[in-house]
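Grab a pencil and work through these exercises with the model open beside you. Try each task on your own before you read its solution.

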Amino acid sequence: ASLIFKNRVTISGEPREPVHIISAIPEQPWGVVAIYGSMASGSRVSNLNLEGGSGQVVKGVHYIAMLSVHDTSDVIFDGIILRRNKVFDDAMHIIYSKNIKLKNSQIQNAYSDGLDIDISSVDISRTTVTDSGNDAVDLMSSRVTIYQSRLIGSGDKGVSVGEASTVVVVDSLLKDNE
């Protein structure tokens, strides 16, 4: 099962009562939560916990993460927790998007990359990525700021700065990454 939002969406959990999306059968992954397209610009997601999702191909669109942001802008994620995605690569994938903000969040035990950012502009603040199978943050052709964040215990790099990317890392901890 997947949730694909093609219009502006507001998901508003509370710190003590977050919105949870988990598998009904713990060993079996569910699909993707995706925010897709220009009509989804301005979406707001707060206090959302995702666990055990995967990714999915839906109507020819390849969503390669449990939480996917495609071809949109001005989206804010605040206080989200992503844990243990399965099968597809990334816990969170952002592609063809502008002015995306990820703050006060956690990504734990990603199957491959914790956060994969392609051809996008993203600000990350006060976010912790721990124990990713590959990179904590993987960039391709993107402009990214990482501020007061912790990238710990990744199977490869804390930050992989790929093709034509610019990253500024300020007041952050990169520790025990291979």
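**Exercise 1. Find which residue in strand 21 is the bridge partner of Asp-138.**

Step 1: Go to strand 21, where Asp-138 has Ser-160 as its bridge partner. A strand here is a DSSP run of E with at least two residues, numbered from the N terminus (helices are runs of H or I with at least four residues).

Step 2: Now zoom out to the whole pair. Strand 18 and strand 21 (residues 159-161) run parallel and share three bridges. Two strands count as paired if DSSP finds at least two bridges between them.

Step 3: Look at what else strand 18 (residues 137-140) does: four bridges join it, again in parallel, to strand 15 (residues 115-118). In that pairing, Met-140 of strand 18 sits opposite Asp-118.

Before you go on, a word about the model: it's predicted, so local features need pLDDT of at least 70 and side-chain atom pairs count only at pLDDT 80 or more, while totals for chains, interfaces and linings use all residues. Residues are numbered from 1 along each chain as its sequence is written, and side-chain values use heavy atoms, with hydrogens and water left out.

**Exercise 2. Work out how strand 9 is covered and which strands it pairs with.**

Step 1: Check the cover. Strand 9 (residues 65-70) is mostly covered, with six of its six residues buried. Buried means under 20% relative accessible area, exposed means over 50%, and partly exposed is in between (1.4 Å probe, protein chains only).

Step 2: Take one partner. Strand 4 (residues 33-36) pairs with strand 9 in the parallel sense over four bridges, and Ala-34 stands opposite Ser-68.

Step 3: Take another partner. Strand 12 (residues 90-95) is joined to strand 9 by five bridges, also in parallel. Here Ala-65 faces Asp-90 of strand 12.

**Exercise 3. Count the salt bridges in the whole structure and look at some of the pairs.**

Step 1: The search finds four salt bridges. The rule is a side-chain nitrogen of Lys or Arg within 4 Å of a carboxyl oxygen of Asp or Glu.

Step 2: One of them joins Arg-84 to Glu-51, with the closest N and O atoms 2.8 Å apart. This pair links distant parts of the chain, 33 residues apart: Arg-84 is in the loop between strand 11 (81-83) and strand 12, and Glu-51 is in strand 6 (residues 48-51). Arg-84 is partly exposed because its relative accessibility is 38%, and Glu-51 is partly exposed too, at 27%.

Step 3: Lys-101 and Asp-123 also form a salt bridge (3.2 Å, N to O). Lys-101 is in strand 13 (residues 100-103) and Asp-123 in strand 16, so this pair ties together parts that are 22 residues apart in sequence.

Step 4: Finish with Lys-157 and Asp-156, whose closest N and O atoms are 2.8 Å apart in their salt bridge. Asp-135, Asp-156 and Lys-157 are linked in a network of salt bridges.
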